[in-house]
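Let's take a walk through a protein model together.

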Amino acid sequence: MVYARPTSHWAPINAFNSVCSPMTSSTFDTSVHVVCGHCGGVNRIAPGRDAMKARCAKCQTTLFGGKPWPATRQIFERQIARSDIPVVVDFWADCCGPCKVMAPEFERLAQEVEPRLRLLKLDTEAEPDVSARYGIRSIPTTIIFRQGQEIARRAGAMDRTALKAWLAAMQAI
């Protein structure tokens, strides 16, 4: 299932990723705020600066490591509220077979789409309040957030090719 919901009404998604250079570049056209996946610190990346080399000012961790970040409730909320780049969240559980199949595909996707997107993995068993708040009824469920708003969601396991096609259809990449 694919749902597209910009704010409070159903409509096509326009200019989803307007601050970014072409996908082959790791620089941004304008200054952007990126939340550190490790400590939750908000960092500004200047235009033209190589985002793949950027480090968190608070904890000195590389902001983009080519892998999805595991998310606690606090990190998740900070990421979706403060990041200027789209945040793609995989809601999963350790007991879920399809989630285990999708995990390496999601990790390979992170290597290809960072720094244009931030990928997070949220364990629904460890953070049941977050999964309840977003109405996660089946796992894995993947949701795209932009500036604190849910933009699209899709339930079910996807391989890397299907994930990229879905993200492209939602104008995330």
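Start where α2 meets α4: α2 passes α4 in a right-handed crossing. (A crossing is right-handed if the near helix is turned clockwise from the far one by less than a right angle, and left-handed if anticlockwise.) Before going on, two notes on what you're looking at. This is a predicted model, where local features need pLDDT of at least 70 and side-chain atom pairs count only at pLDDT 80 or more, while totals for chains, interfaces and linings use all residues. Residues are numbered from 1 along each chain as its sequence is written, and side-chain values use heavy atoms, with hydrogens and water left out.

Helices here are DSSP runs of H or I with at least four residues, strands are runs of E with at least two, and both are numbered from the N terminus. How do you describe two packed helices? You give the angle between their axes and the distance between the axes. For α2 (residues 97-113) and α4 (residues 160-169), that's an angle of about 55° and axes 9 Å apart. The axes are lines fitted to C-alpha atoms, for helices over the stretch in contact, and angles run from 0 to 180 degrees between N-to-C directions. So α2 and α4 are oblique to each other (under 35 degrees is roughly parallel, over 145 roughly antiparallel, 65 to 115 roughly perpendicular, and the rest oblique).

Who touches whom? From α2 come Met-102, Glu-105, Phe-106, Arg-108, Leu-109 and Glu-112, and they meet Arg-160, Leu-163, Lys-164 and Leu-167 of α4; contact means heavy atoms within 4.5 Å.

Stay with α4 for a moment. Its buried residues are Leu-163, Trp-166 and Leu-167, where buried means under 20% relative accessible area, exposed over 50%, and partly exposed in between (1.4 Å probe, protein chains only). Looking down the axis of α4, these buried residues fall within an arc of 100°, so they line one face of the helix. (The arc is that of the directions from the helix axis to the C-beta atoms.) On the face turned away from that buried side, α4 carries the exposed residues Thr-161 and Ala-169.

Now hop over to α1 (residues 73-82), where Ile-75, Phe-76, Gln-79 and Ile-80 are buried. They cover an arc of only 120° around the axis, which puts them on the same side of α1. What covers them? The cover includes β2 (32-35), β5 (87-92), β6, α3 and β7.

Is Lys-121 buried or exposed? With 17% relative accessibility, Lys-121 counts as buried. Leaving aside neighbours within four places in sequence, Lys-121 is in contact with Pro-68, Trp-69, Pro-70, Ala-71, Asp-90, Trp-92, Ala-103 and Phe-106.

Finally, let's look at the backbone. Most residues other than glycine have a negative phi, and most peptide bonds are trans. Where does this model depart from that? The bond from Glu-114 to Pro-115 is cis, with omega near 10°, and Pro-115 sits in the loop between α2 and β6. Another cis bond joins Ile-139 and Pro-140, with omega about 0°.

As for positive phi, Gln-60 has a value near 65° and is partly exposed, at 47% relative accessible area. Gln-147, in the loop between β7 and β8 (149-155), has a phi near 50° and counts as exposed at 55%. Just after α4, Gln-171 takes a positive phi of about 60°.
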